[in-house]
Each structure stands twice: as structure tokens, then as C-alpha cells.
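Good morning, and thank you for the time.

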Amino acid sequence: MPRVFSVLILSMLFFVGCSAYKLGSNVPADCRDIAVPLFENSSGTPEINAFVTRAVLDEMLRDGTFTPMSLDSSTVKLLGSVTSLKWHSLRFDRSQNLQTKEYRLDIVARVTLVDSRTGVLILNEVPVKATTTFLTRNDLQTGMHDAMPRVSADLARNIVAMLNQAWPNAVQHDVTQLPAQQQAAEIKPATEQ
């Protein structure tokens, strides 16, 4: 009898412990068709918006929660802007007059998620950050250009993870609260720009 009682207690604890666990995504099924127009670039670094947009699309395909679609057939739009791309010295070469050998590259983007059907904001200009390091090998431009796909991929992982995790906590706003540049929300796809 004590053995049956202990098995019963253990099974109740197991089910209570697993009751809060949810298998699958928090994103509603009718909000998984997403359009990702070309990100804007206010960082001053050419081409970084193309790297980030491509990385976000690739990460969405890898993750599988969202299905990238055209603006006409999507249920939500992810609008983004790369706002900052900065590098900071990390390691110096003492033999070459303290010339920098390694840099840290930090990127910041702001993302807005809009319901295409109603124009309601789901997420409004949420900052997302990523970082990577790169070696210069006496050529800063080449080192930075080589690091851009890595930092873009890291940013894309952070954006998609944020979209997946923040959905139940998303604050919905009227589209009129968007900044003027995004208020039109009729951004052309990257293929039309």
C-alpha cells in the first residue's frame, strides 16, 4: 500500500510540474504569414540593411515559426531599421605601436510588427542588439565586411527569438502612433525598390 501511495504522489507531482509547459509556439496560427520588407539603414554603414534583411528571412525559414510572404498575402509585417553599427577596440599589438588587432562590432536595430489586416501595432520600435568580434589583419574594412554577415545572423536570431517570446506580452497600439516614416506602412518589397 505505501508503494502505491508513493507512486500516486510522484505521478501527481509530475503532472503538476509539467502543467505550465507548452509545446509549440506562442504565436497564433493566423499571424505566422509575415512580410519582411528591406530594413531601413540609418547607421551610416552601406549595405548593412541588406545583410540584416537577408539574415532575418533566413532565420525565419530556419526557425519555422513564421512563413515569409509578400506584402499582399501576409498577415503581419516586420518593419525594421538598423540604427547603429559601432566598433570598439578590444586587443592591441604591442609590437606595432599598439595598433588594434581585434574589434568588437555592435549592431542595434529597431523593429515594429504591424498586423497587415487591421493596421494595429503588435510591437512598436523594440530595440534589438547583437555583437561579434573580428580580427583586422591590418585591414579594418575587410575585417568589418567579413564580420557583417556574422553580426547580422546574430541580430536575426535575436529578432526571431524576441518575436517568438514576446507574442503573449505584445502591446497593441493604433497604427496612428507610428512615426511618420513608418505610418504609411506601405513599404515596397525589396524586389521593387
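**Salt bridges in the predicted model**

There are six salt bridges in the structure, a salt bridge being a side-chain nitrogen of Lys or Arg within 4 Å of a carboxyl oxygen of Asp or Glu. This is a predicted model, in which local features need pLDDT of at least 70, side-chain atom pairs count only at pLDDT 80 or more, and totals for chains, interfaces and linings use all residues. Residues are numbered from 1 along each chain as its sequence is written, and side-chain values use heavy atoms, with hydrogens and water left out.

Let me begin with Asp30 and Arg117, whose side chains form a salt bridge at 3.4 Å, N to O. Asp30 sits in the loop between α1 (2-18) and β1 (33-35), and Arg117 in the loop between β5 (99-115) and β6 (121-135), so the pair ties together parts 87 residues apart in sequence. Helices (H or I, at least four residues) and strands (E, at least two) are DSSP runs, numbered from the N terminus.

Next, Arg62 pairs with Glu59, their closest N and O atoms lying 2.5 Å apart. Both belong to helix α2 (residues 48-63), three residues apart, or about one helical turn. Arg62 is exposed at 59%, whereas Glu59 is buried at 9%.

Methods: Buried means under 20% relative accessible area, exposed over 50%, partly exposed in between (1.4 Å probe, protein chains only).
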